[in-house]
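Please walk me through the charged side chains and the helix packing of this model, with the cut-offs behind each term.

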Amino acid sequence: MNDLFSTGPEILPARKLSGRVSGLFEARAGDFVTAPSAEIRVTFDGIVGDFHAGPTRKSGGREPWYPRGTEMRNERQLSILAPDELVQVAAGMGLAELRAEWIGGNMLIDGIPSLSMLPPRTLIFFEGGVTLKVDGQNAPCKIAGRSIGEHAGTTDHTATALDFVRVSRRMRGIVAWVEKPGTIGNGEKVDVRIPEQWIYRP
């Protein structure tokens, strides 16, 4: 019988990091594109009134194991991005800038190295009392890429969409859901608790 631990997996200890909220955004215009906000109010359903709010959502192309449109748990209540990663993606796409709003970002957090690589189950504690739990990376898609093309005024939106998918892999931010509700204000300090990590080798 295979013993998981006989292969000597690398186990990384839990750790803590600190950062700060440097931007908040809400999608209230009927689609995923967001607009700046001084604060956001979150319940167990996500951001109140936001396009992605709700306890459940419909499955799409990222869940090929379900028929498209299947009702499932909404683990994508908030989209969190890092300013430094947006700068890298913009440079890789040959753009002067890439704004969080264009790709449906709800929050910018400064000070967390490689934010997009935070593992599932990471907890984000906000000084105002809110807690978010990370579900995982937000995989880049062509819909967000086309939005970039429209807002940046590129000549070929399809090419821009494909560039975004290619360049932003593992730098497109993370999605999270609300573990403890409340109000998040711009500029709040955040404490990030990364759980113990290991590689499962059966």
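Leaving aside neighbours within four places in sequence, R172 is in contact (heavy atoms within 4.5 Å) with S79, L81, I103, S116, N138, A139, P140, A144 and F164. This is a predicted model, in which local features need pLDDT of at least 70 and side-chain atom pairs count only at pLDDT 80 or more, while totals for chains, interfaces and linings use all residues. Residues are numbered from 1 along each chain as its sequence is written, and side-chain values use heavy atoms, with hydrogens and water left out.

R172 itself lies in the loop between α3 and β12 (174-180), where helices (H or I, at least four residues) and strands (E, at least two) are DSSP runs numbered from the N terminus. R172 is buried yet has no salt bridge, and E85, the nearest side chain of opposite charge, is 9.2 Å away. Here buried means under 20% relative accessible area, exposed over 50% and partly exposed in between, with a 1.4 Å probe and protein chains only; Lys and Arg count as positive, Asp and Glu as negative, and His and the chain ends are not counted.

Side chains of opposite charge can pair when their charged atoms come close. With a salt bridge taken as a side-chain nitrogen of Lys or Arg within 4 Å of a carboxyl oxygen of Asp or Glu, the count comes to seven. One of them joins R166 to D163 at 3.2 Å, N to O; these two residues are three apart in helix α3 (residues 157-167), and therefore separated by about one helical turn. R166 is exposed at 56% relative accessibility, whereas D163 is partly exposed at 27%. Another links K189 with D191, whose closest N and O atoms are 2.7 Å apart, and R57, E63 and E75 are linked in a network of salt bridges.

Helix α3 also packs against another helix: the axes of α1 (residues 83-93) and α3 come within 10 Å and cross at roughly 130 degrees, the axes being lines fitted to C-alpha atoms, for helices over the stretch in contact, and the angles running from 0 to 180 degrees between N-to-C directions. That makes α1 oblique to α3, because angles under 35 degrees count as roughly parallel, over 145 as roughly antiparallel, 65 to 115 as roughly perpendicular and the rest as oblique. The contact is made by V89, G92 and M93 of α1 and by T160, D163, F164 and V167 of α3.
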